[in-house]
Structures are given as C-alpha cells and as structure tokens.
Amino acid sequence: MLSAETIVQSLASGLLMGLLYGLIAVGLALIFGLMDVVNFAHGEFLMTAMYATFGLAVLVGLDPLLSAPLVAAALFVFGALVYLGIVRFAMRAKKNIGMVQIFTTFGLAILMQGLAQFLFTPDYRSIANSWLGGKTLSVGDIFLPVPQLAGAVVSIATFGLLYFVINRTDFGRALEATREDAGAVALVGIDRNRVFAIGWGLGAALVGLAGAIMATFFYIYPDVGSSFALIAYVTVALGGFGSVFGAFAGGIIIGLVEAITAMILPPSLKSVGIYSVYLAVVFLRPRGLFGSI
Amino acid sequence: MTTTPLLETSHVWQRFGGVVANNDVSITVAPGEIVGLIGPNGAGKSTLFNLIAGATPPSDGTIRFDGEDVTALPATARCKRGIARTFQVVKSFESMSVIDNVIVGSLVRTASIGQARDKALEVLEFTGLLHRAHAPASELIPSEKRRLEIARALATSPKLLLLDEVLTGLTPSEAQYGVELVRRSRDRGVTILMVEHVMEIVMPLVDRAIVLDLGRVLAEGKPADIVRDERVIGAYLGERHRARSA
Amino acid sequence: MDAASFAQGRFREFMLAVLLVAGVATLPLFVKDVYIQNILVLTLMYAALSQSWNILGGYCGQISLGHALYFGLGAYTTALLFTKFGVLPWFGMLGGGLIAALIALALGYPCFRLRGHYFVIATIVIAETAYLLFLNWDWAGAALGVDMPVRLDSWVTFQFARSKLPYFYFALMLAFVTWIVTWAFENSKWGYWWRAVKDNADAAESLGVVVFHSKMAAAAVSAFFTAVGGSFYAQFVAYIDPGSVMSFQFSLLIALPAVLGGIGTLWGPALGAAVLIPLTELTRSYVGGTGKGIDLIVYGMLVISVALARPDGIVGLFARRRRARASA
C-alpha cells in the first residue's frame, strides 16, 4: 500500500520531470507552429546538446549550469543550419510534402545517431561532478532532486519569456504572421527563409537548454534522444499542435501521468500510461487540448 | 398548378458560436429550374450551400429533397440521392488524371469500372475536357479545373447541381462557355442552384434569383425585377458603404 | 486512349510482373552463396511488407508508423500457436492475418477520426504500447520471446534448417501476391476511393465516397498481409522477440522502401526494397560490425537524399516517359 508521503513524493518528481518535458517539447511545438513541420530529429538535437555539455564539462571543466547558455547558443546555430542546409529543400516538394519532411528529418536522426556513435562510441557517459548533480533539496518530507528542480525553474522561466516574446514583441508577431500566411508575409518584406531559420534555431536552442540540464542527471549515449523524442511528440500532440501553452500543459500532464503509472505498473510499462492518456485525449478532442491545427 | 419542389429548405438556421450565418431561410427550387443565389459578401450563401449539400448539419430547420426529409443525412448519402456540388476553392484530386477524377464521381452509380469509365468519357466530352482526359489534374489551368469540378459532379448523375461561384474570375470567353455549359446541363435534366457574384453574367442565365443579405432571404423573383428592387440595391450599396467606413 | 488500349496496358503490366517473378525464381540457380540468398529472401519479404503498407499509406494516404504491430501480431500468432498448441504455421499465418485485420478495424474506429500528425503519432504510440505489453507478457515469453526449434525439414511445418530456398520461394510468392492485390485494387472502386480520400477527403465525400469505410478497408487489407509477412518471418528465423518484430525501427523499415521507390505507386515498394535492403544489409555486414555507426551514417544520408531528391521515388523517373506514351 502506498503511503500518502510516497504519493506526494512521486507526484512532485513527476511535476518537475513534466516541466522538463515541456521544455523539451516546446522547441518542437514552435517549429511546427511556425511551418507545419514535425522534426523527427528532435531527440537527436537533445542528444547533441547533452554531448556538448558533457564535452565542455570534461574538456574545459565548465559546469553544465554555466555552459547551458553556450550550448543553447550552439544549438541555435545548429538548428538554423539544419533548416538552411536540409529542411529548406524538403519544403520545396510539390507532392507528398508530409512524407518528405517526415523522412528527411528521420534520415537526419539516423545520420546524427550514426555520427554520435562514430565520434563518441556507444559507451554510456555521465558527468561525474557538477554543481547541480547528485544534490537534493528537502521541502518538508519531500525530496526534490536539484537538477530536476533547476530544469523546472528554467522551463517555467522559458515559457514565461516565450509568452512575452510571441505576444509582445515585433519578432514574435512576425513569427505568428509567417505562420498565418507565409506568402503575404513576403510581400511585406519579411524574408520567409530568415524567419524559418530563426524559428528552427530557437526551437533547437530550447531543447539545447533542456539537454544541458539533463546531462547532469542522465546517462549520455547515442540513442538517448529516441525515447525523449517520442515523449516530446506525444506532449506536443496532447497539448495540441500550434499551441506553445499546449506544450507546457502537455508536459506537466505527461510528467504526472508517468509518475502515477510508475506507482501502479511495473517500471517497464511506465510509458503505457502516457500513451493511453494521449489516445484518450485525442479520441475525445481530435486536435489535442489546445490545438489550433 | 404547383409542382412539388425538388429542393425545399424550411426555416433553416445556422449558428456558429455567437454568429448567425443563416437566419430563418426558407427557399424552394423547382425541378428543371436554374436558380441564382446572390447577395453581398457575408450574406450566408456558402453556408447555405454547405447546409444543402450536407457538409454541415443545420442548427435548426429542415431540408427536403425530392419529397424526402434529408436534414439528418450526411453529404455522401445526399450525393447518392442526387445532390452534387462544386467547391468555391477547387478541390481536384491532384495526384489523379482528369478522367480518374471524373470516374470517382461515376462510381456513385455503378460499381463497374468499365461503366464508370464510359460515363466519365461521356461527361468529359460534354464539358469539353476530353482532350485532357489523361493529363494529371495538377497540370490543368484554373478554368479547366473549374470545368473538371463540374464534370465530376455531373458524373454522379445528379438531380440537383449546386454550383459555387463557377463563373467568377473567368475571361469573357471562358465565362461564356461556362454559361452555355450550365444551360446544356439543364437541358439534360439537371436542376441548378448557383451562387454567383458576377451579376451581368448570371442574371441573363437564371430563371429566378434569390437574394440573401446578412443571413436572411431579402428578396426573390425574376432577375429583371430583382435588379430593380430597392431593398436589393440598398443591400449592395450598403455593402459598399460598410466597406468604405471600415 | 480508349477502353481497349487501357485493358491492353493493364494486361501488359501483369505480364511484366509474371516475367519478373519468373526471372527472379531462376536466381537460386546462379546464386549459391547462402549469405546472398538470405539477402534475397529479406528483400522479397520487405517488398511484400512495404507493398502492404503502401495500400494504406500510399494509396489511401493514411501514414502509419506503427505497422510493426501487425507484423509482430502475425509473428507471435504463428509462433505461439505452433509452440504451445502444435497448430501448423499455415493456419497460424491465416489466423495471424485475420487477427491483425480485426485489430486494424477496431483501432481504425477511433483512429480514423484523427488527421495528419495526430494520426501518425497515434499509430506510433499504439504500436509502442503493444511492444511494451509483449515485453511484459510472460506467457508469450516476455523479453526472451519465442523459440521455435527446427526439428525436421518439412513443408508441413514450414521449417527448413539448412536450405533457404523454400523460404525464398514463399517470399517471392508473397511479394507477387501483394503486388497482384495492389494491381487488382488499383482498378477497382476501392482503389479510386482510396486515392480520392488521400487527395481530398471533403471532395470525396461530396462525390459519395464514405471516407471512413474506405480507410477501414485499406487498413484491414494492409494489416492482413503485413501479418502474413510477420508469420513468414517467424518461420524463417525460428526465433522472435518483441525487439525484433514489434519495434518502432521496424515500423519505419516497412514504410521506407515504399517512400524510396515511390509512395502510392504499384512498383514503388518492390523497387525501393530492391535498392534499400541489399544496401542496408551489405553496409551493416561490411561496416556495421565495428560498432562505429558508419552503417547508420550511410543509411541516414541515403534516406535524406532520397526524400529530398526524388519525392516521387524511383518510379518518378519512369513516370514521365509512360505518361508521354499514354497521351499519344
């Protein structure tokens, strides 16, 4: 029988993880909301950020908390380059554009996994010492792992910032406008490719931030992105494609559901709870909770 | 002597959230007529079309077709009963050839591909697209795509054909061809209800005109009377006034 | 083009397939290397699987990235019926196919309400759930899977310890059957409805096509043959586990030949399998063993270039010539 304490502990951890999932997912939601492309290499972007953080920690001795902004910036550049170098061409397809972008980004995912395996071997890595790693904060009887806590704080801050940028700045309005009507936007002098590249950069930077934090408490290996990628897709779809707030809410729900499921079912069936909730939600609301598309 | 109307909408309402798109609309269309549905922008013409075609159910009211209450029937069932439609924004099957597009329509009446193909060829000849039968639909020019929409709909052997702005934005010769096509379709026994904007073209064509404004039926009657009707003129002028002051 | 020349074209297409099958059937006379024979069997199997996937994904436009579910169901049904109840694989194959078709219909009922990416993710998630369930299902062997020791070579139990040839011929037949099924449907009302639904569901409805029924039919046919392929695989490798027959990677591998060869076309999946599978297998054996991931790098680049350069697939290269001939 589970005690009230255990349940609360579980939910608290789930909430923190959920906020982190939201941070992982929001980059995906942003890119999709901007240009209707689902980036099937999103998990590999996360993996890249984790390796980058690991590299900086091991080679330069830079703590993940400090390197997080650097990693995010690097991922920004990377994301923009991926758009300009690969995705841009996928968008030109006249037929089957959905298939083209799915398989283009999927091919990229395989390529990135292969490169990671080639450069770093399949060995599991971890960052032994970091400011955040291994520490817990106790609030009453609840133990909150510091890395997850930091992740949650960064997540909330990021969503707040995103809300501000999208709704209150010119750039945010340009993003919205480009989503609404890319053709008309060109007439007003906004370069569509530039907006898309920045969008991809931003999406990658966000997941880069998540990756930097996750490197403090997760093993790093070439495959690590795949499982988080699926959670990210489910989070975005649950929240509804096209809604940044949906990614936030979706992440929290997914985190909580995962925690609750872990209490009831054996660990290997943990994800079944998330999948069931996704299916239940979309069967009732075919566009997710807050989806506009 | 009154003939049973082919189509009859009775006190039909369509509400979207707080907006009333169709307000107590009751119209009839007699077999063999060509009826024009006109009105300024936002009058509710497309909404009414969707209601008649079965794309959306009405919030209130009934729709009777060929003596049967079809209000609860979806678009597919109405098509089988004899209502066919075109779309304002052309929705051709881009990955298929022209003839295959039309065959999809013919398949409502027959399960045999051979018969469906024969019917499709006949309809393509009727709409002047036979020479393009094997071209991919994606390669047609806009006016040809419009004709394809009509051809597809005609292939379903409809009793009532709903045409949604098929003559808009055409060159004068294309529009003339379109007008002839509508007349010839009626001669084949198809009743036509058409939404149009281009008054000069549609008024000489239709037997009767129904004017919608702000969701309601404003007036109906012979084209010659409608164009002189003060309420109708006021509605269109009012539209221009509304546009100017916006 | 009138009806007569159209029928002629159809006949010619069929004869071409017969000739190809006959040609491929003679390959074992020249190819004695067991390793290469293995690649041939796999190529044919993937051609059949991808052709089945293509019915739902290519013709009807419903992209499923969870088809490993049906493959796995086929494999497990055959394996479990054989090892637990002694049911011959031939019946297991049929049973697996029917179970898969029924499940496809049951899932289709809620899933086909979903559009676009929501649908794709639903297919992924459902397959993953099944994968996790099988991983934890002790009666079905859980993570260890099902072992089917080959006792004696026999067509009755469809098991052959040494020779690959019986498997080769069966796979060839399966590839041919799925091709014929696609060919037949192409010129049937279902084929027309599927393509209409794919291109524009609203317009299809306005022309009397019941979109839902179309999707369900495509799903059932597609699932049935995918499961038969899975049953075949179980017999071929004599050992299955959730990771090898129900994983997400597998779902992608089923779809990829169709995308490469030409999605929604008759020859696409076979062409794509013919190029992709030998390439994958050869890369893996020459390069993959090192654990350096070079096979993944090559594979990834191949997928990207195919998706970008030729969204119509290999078939797109031939399409223009055929169209020019048709309008003559």
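**Figure 1. The two domains of chain B and the distance between them.** In this predicted model, the C-alpha centres of domain 1 of chain B and domain 2 of chain B sit 23 Å apart. Going by the domain assignment, domain 1 of chain B covers 1-81 + 159-246, and domain 2 covers 83-157.

**Figure 2. Where domain 1 of chain B meets domain 2 of chain B.** Here 20 residues of domain 1 of chain B are in contact with 14 residues of domain 2 of chain B. Sorted by class, the domain 1 side that touches domain 2 of chain B has 12 nonpolar, two polar and six charged residues.

Figure 3. Five of the five residues of E7(B) are buried, so the strand is largely enclosed by the rest of the structure. In a regular strand, side chains alternate between the two faces of the sheet. Both faces of E7(B) are covered here: one side has Leu160(B), Leu162(B) and Asp164(B), the other has Leu161(B) and Leu163(B), and all are buried.

**Figure 4. The strand neighbours of E7(B).** Strand E6 (residues 83-85) of chain B runs parallel to E7(B), and three bridges join them. In this pairing, Ala84(B) stands opposite Leu161(B). E7(B) also pairs with strand E8 (residues 191-195) of chain B, again in the parallel sense, over five bridges. There, Leu163(B) faces off against Met194(B), which stands opposite. To get from E7(B) to E8(B), the chain passes through H6(B), and this β-α-β crossover is right-handed.

**Figure 5. Chain C against chain A.** This contact takes 34 residues from chain C and 40 residues from chain A. Helix H6 (116-135), helix H12 (248-261) and helix H14 (294-309) of chain C each supply at least two residues of the side that touches chain A. By class, that side of chain C has 23 nonpolar, six polar and five charged residues.

**Figure 6. Chain C against chain B.** Over here, 21 residues of chain C are in contact with 25 residues of chain B. Helix H8 (189-199) and helix H9 (201-206) of chain C each bring at least two residues to the side that touches chain B. H8(C) gives the most to that side, with five residues. The class breakdown for the side of chain C that touches chain B is nine nonpolar, seven polar and five charged residues.

Terms used. Residues numbered from 1 in each chain as written. Chains lettered and ligands numbered in written order. Predicted model: local features only at pLDDT ≥ 70, side-chain atom pairs only at ≥ 80, totals over all residues. Contact = placed C-beta atoms within 7 Å. Helix = DSSP H or I, 4+ residues; strand = E, 2+ residues; numbered from the N terminus. Nonpolar A, V, L, I, M, F, W, Y, C, P; charged D, E, K, R; others polar. Domains from an automatic or database assignment. Buried ≥ 20, exposed ≤ 12 C-beta atoms within 10 Å, placed from the backbone. Pairing = 2+ DSSP bridges. Right-handed = clockwise from strand over helix to strand, strands pointing away.
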